Every structure is written in C-alpha cells, then in structure tokens.
Amino acid sequence: MNLNQYAIYQLKAIPENRKLRFRPYKVIEAQKLSVRSDNYQQVYIGMAVPDDSPKSIYEKLLNNPPKKFAGHRISVSDVIVHNKGGVTSAFYVDKDGFVAIAGFLRSNSSSTLITMETRDYPIEGCKGSWVATDEIIIDGKQFFMMESEQYGRNAAAVIIDSGGKFVTDDCTEGFDEKAIQQIREYLHPPERQPRIPEKPPLEIYQKYYENGEYLRSAEISEEQNYNMIDGRINNQKKKPKVTDPKKRPSVLKLLHQKQDELEKRYGKREREMTMERNRK
C-alpha cells in the first residue's frame, strides 16, 4: 500500500541563505544558484489525501496552519515535497505558482553513484556520454533521467537507478506515466509462471497400465489386436476412402448381383414378388 504524505521545507536561518530567502525562482536562476536540500530543514510533515496537489497543500497550510508547524508562515522559497502513490516530487513555492525541482531529495546511501551533477557518464549498451537532467523518487528509490551530451533532446533519454543500473531507454516525455510504469515494473517484475513440463510419449505397455483396470478390460474385449491397447477403445484403422469414380463399385451392378442371389435362393417367382414390393 502506497503512503500519501507531504512535507514542508524552509531555508535554514543562516547567513549563507540570505540571497535565497523569499526570492522568486527566476531570480535564483538568473544568479545561477540552485535549490539544494542542504540549505533547507523540514518544518512539517503530514498526511495527504489522494486528490491533494501542491496548490491544495499550500492553501491548506496558508489558511489553517497546524499547531505543530515549526517554521514561519508558508511563503515563496519554501519547498513542498509530495509523496503521492509512492512517487515523490519536490515543488518550489514561487510567486505565481509552483516549480518542479529536480534533485532536491537525494539518497545518502554509499551505493549511490549518480547525482544531479553527474556529467560525461558512460551507460552500458548506450553510445556516447550522458548527463543527468532530472530525478524522481519512487517507492523510496532514486531514478535519474539521463540525456545524451552529443544529441541532447533530439535523442530519447535513458533512465537509470542511483547505482547506474539501466532501467529503460524509451523516454521522450520525461517522467510521464509511461516512464513511471516502466520503473515500477523494474522495481516489481511480474512473477513468471512455472513451466509445466510436457508429458513424454508413452509406450503401448505404459498406456495399457495407465488406462485403469476397468477401461483396460473393456478395451481388451473390443480391440482386435493387443497392439491396439493404447487407452482408446475400438481404434481400428479406417478403410481408405475411394476418391476415384472409376474404382467405385457400380450401384446397379450390386443390385443385379443381389437379384441373382435371390433368384438362386428362392426362384424366379420370389424375385418378381420382391421387385413388385420395391416398386410399391
């Protein structure tokens, strides 16, 4: 079961953050600064409902801030981290809306090889070098969108996990629903059904014993030869079907033969009486 949560991060009250505090995102971009979790501290975490969005969370905290909210009133330069259905996304609170922040949350695991600063990265099975352009956290695991340094957005992006393992190379629209589904399949591969081995062909004597005593006895009484004991009653070879009209026996000839047999057995008078009855 996926947990729906949200957390609010605000800048630490240190001198280094004065140039970031309450600044619109365009100003931060113009100064070539980055929004990093190292500069922030978590001031509140709460449960979200499935329909929540960054806007609804912002309005909820602005109009009715909870008592356990440890920071100042939510405002520009704050970051809303929203975990919805196992997918974690970060949004910068801007003057006129919200800006999705890539790479705000990062894993501290020693196995992490990729960060948002990764450049000139070789990916096994993919030509050229790659650069990290976006990040997403799904079910607590980090995944990175890698873009070709040679071709940029003219080539499909590649998704790898934080350890550099390949996930998929079929990405043209970023972390869309298709990409998220591919990541989920990577995390939770479908279970393969065990293959049922095919039954080897049985010899005649094996079919005989497998057929059961009752059916075996019935089959013995029906079959003409013991080599026909194979689990099927009365499986005699069918007579070959005559398809050539010249080889088929004449019906008129067979009728005359039958009449001759009647005449020899009962005399001419009986033959005439039989023919008379057939006419009626």
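1. Terms and basis. A residue is called buried when its relative accessible area is under 20%, exposed when it is over 50%, and partly exposed in between, with a 1.4 Å probe and protein chains only. Helices (H or I, at least four residues) and strands (E, at least two) are DSSP runs, numbered from the N terminus. The model is predicted, so that local features need pLDDT of at least 70 and side-chain atom pairs count only at pLDDT 80 or more, while totals for chains, interfaces and linings use all residues. Residues are numbered from 1 along each chain as its sequence is written, and side-chain values use heavy atoms, with hydrogens and water left out.

2. The chain as a whole. The secondary structure of the protein chain amounts to seven helices and ten strands. Of its 280 residues, 31% count as buried. The chain exposes about 20400 Å², of which carbon and sulfur atoms supply 50%; accessible areas come from the Shrake-Rupley method with a 1.4 Å probe, and for residues only the protein chains shown count as cover. Contact here means heavy atoms within 4.5 Å. Among contacts between residues at least 6 apart in sequence, 51% join residues at least 24 apart.

3. Helix α2. Which residues of helix α2 (residues 54–63) are buried? They are P54, I57 and L61. These residues cover an arc of only 65° around the axis, which puts them on the same side of α2; the arc is that of the directions from the helix axis to the C-beta atoms. The face turned away from this buried side carries the exposed residues K55 and N63. The buried residues of α2 pack against strands β1 (5–11), β2 (40–47), β3, β4 and β5.

4. Helix α3. In helix α3 (residues 177–187), the buried residues are A179, I180, Q182 and I183. They cover an arc of only 160° around the axis, and are therefore on the same side of α3. The packing partners of these buried residues are β4 (87–93), β7 (129–138), β8 (141–148), β9 (157–161) and β10 (166–171).

5. I183 within helix α3. I183 has its place in helix α3 and is buried, with a relative accessible area of 0%. Not counting residues up to four places away in sequence, I183 touches I136, I138, F143, I159, V167 and F175. I183 and V167 are 16 residues apart in sequence, and their C-alpha atoms are 6.8 Å apart in space.

6. V87 in strand β4. V87 lies in strand β4 and counts as buried at 12% relative accessibility. Leaving aside neighbours within four places in sequence, V87 is in contact with H82, I136, I137, I138, I180 and R184. V87 and D139 are 52 residues apart in sequence but 6.4 Å apart in space, C-alpha to C-alpha.

7. The largest pocket. A pocket is, on a 1 Å grid over the protein atoms alone, an open set of points where a 1.4 Å probe fits, with protein on both sides within 12 Å along at least five of seven lines; lining residues have an atom within 4 Å of a point. The largest pocket has a volume of about 810 Å³, the volume being the space filled by probe spheres set on the points, which are joined across faces, edges and corners. Its lining comprises 37 residues, of which A100, I101, A102, G103 and D134 lie nearest the centre. The elements giving two or more residues to this lining are α1 (25–30), β3 (79–84), β4, β5 (98–101) and β7. The largest share, six residues, comes from β7.

8. Backbone points to inspect. Most residues other than glycine have a negative phi. F22, which is not a glycine, has a positive phi of about 60°; F22 is found in the loop between β1 and α1 and counts as partly exposed at 44% relative accessibility. S77, also not a glycine, has a positive phi of about 90°. S77 lies in the loop between α2 and β3 and counts as buried at 2% relative accessibility.

9. Cysteines. How many disulfides does the structure hold? The number is zero, a disulfide being a pair of cysteine sulfur atoms within 2.5 Å. C126 is buried, with a relative accessible area of 18%, and C171 is buried at 4%.
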